[in-house]
Amino acid sequence: MACVWAFLSGKGGTGKSTVALCAAAGLAREGQRVALVDADAGVRNLDLMLGVENRIVFDMLDVIEGEATLEQALCPIRETPGLWLLCASQVRDPAEMSGGALCALLGLLRERFDHVLVDCPTGIGAIAQAVMACADEAVIVTTPDDIALRDADRTAGLISQRGGARARAVVNRVRAEYVRRGLQYAPDAVAATLDAKLLCAVPEDEEIRRAALQRRLPAEGEGARALAAIAPAMLGRPAQEVQRRGLFSRFSPS
Ligand SMILES: Nc1ncnc2c1ncn2[C@@H]1O[C@H](COP(=O)(O)OP(=O)(O)OP(=O)(O)O)[C@@H](O)[C@H]1O
Ligand SMILES: [Mg+2]
């Protein structure tokens with residue numbers, strides 16, 4: 001049975017889309033069939049990040065309204081065999097997509113794929129809550145500071161209140177130096193606060209931002225290695241040996 005993963009945050013800009021995209025590509029490279037769903041209606045960006053914006057003809061709402069089939073709306077990512085993208089509408093009002101219809105759509109994807117990864121809108125609005133309700137795993141992506149963590153904790157509270165999805169944490173933009181100086185929390189402490197299992201800690205790394213600007217996946221360095229370790233962790237495998245050797249090895253889940 002396929003697994004539906006909701007990528008959530010409290011605060012915006014914590015790295016949800018980056019993490020969801022790299023996790024999806026990593027799972028596909030592991031031989032899994034993966035649907036990556038951009039549920040951020042009106043401000044979607046995974047199509048741009050994947051460089052397929054000109055190939056998106058139909059979106060989720062078209063499928064829900066019967067204007068297109070799921071197959072027509074799913075965009076295969078040629079560079080990453082095994083990965084398909086399904087986008088929310090860029091022009092319609094997010095309120096037009098009902099939670100029930102979204103869950104039904106995720107149910108259809110669940111039948112066709114091994115993993116369904118949903119990049120949710122920031123915060124705990126209607127769409128994020130609908131996805132949370134039908135997900136098996138809820139990955140909270142946060143940075144290790146008070147401001148992001150307070151918002152992430154509200155999301156974590158809602159996940160546990162709802163029951164259902166298991167909470168996981170990805171702690172992003174970690175600077176070892178800041179952790180040492182007490183300016184950022186250690187990833188383990190963040191995960192404990194959220195009462196979530198730590199999937200991965202990702203360092204602040206210029207290569208991640210550069211890769212986004214150049215519309216490619218991060219290729220080298222500590223950040224790329226940490227992001228590449230997320231998919232194996234999602235599959236229940238220990239983080240790759242290569243990450244263990246890195247500067248952030250002590251932050252990776254055992
Ligand atoms: N570990 C990192 N190191 C450096 N830059 C990063 C890191 N993670 C993400 N970024 C950069 O931060 C910016 C925001 O990331 P991203 O778009 O993934 O966040 P988001 O949570 O999806 O944002 P939104 O709330 O707008 O949907 C991007 O420019 C991305 O390249
Ligand atoms: Mg995003």
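Student: At roughly what angle do the axes of helix α5 (residues 99-112) and helix α6 (residues 126-134) cross?
Tutor: This is a predicted model: local features need pLDDT of at least 70, side-chain atom pairs count only at pLDDT 80 or more, and totals for chains, interfaces and linings use all residues. Residues are numbered from 1 along each chain as written, with chains lettered from A and ligands numbered from 1 in written order. The α5 and α6 axes (lines fitted to C-alpha atoms over the stretch in contact, with N-to-C angles from 0 to 180 degrees) come within 9 Å and cross at roughly 45 degrees.

Student: How are α5 and α6 oriented to each other?
Tutor: Under 35 degrees would be roughly parallel, over 145 roughly antiparallel and 65 to 115 roughly perpendicular, the rest being oblique. The axes cross at roughly 45 degrees, and α5 and α6 are therefore oblique.

Student: How many nonpolar residues does the contact of α5 with α6 have?
Tutor: Contact means C-beta atoms, placed from the backbone, within 7 Å. On α5 the contact is made by G99, L102, C103 and L106, and on α6 by A126, I127, A130, V131, A133 and C134. One residue is polar and none is charged, and the nonpolar count is nine.

Student: Which helices and strand each supply at least two residues of the shell around ligand 1?
Tutor: The ligand is surrounded by 19 residues (C-beta, placed from the backbone, within 6 Å), and the closest are G12, K16, S17, T18 and A212. Helices (H or I, at least four residues) and strands (E, at least two) are DSSP runs numbered from the N terminus. The elements asked for are α1 (16-29), β7 (166-174) and α10 (206-213).

Note on methods:
Contact = placed C-beta atoms within 7 Å. Nonpolar A, V, L, I, M, F, W, Y, C, P; charged D, E, K, R; others polar.
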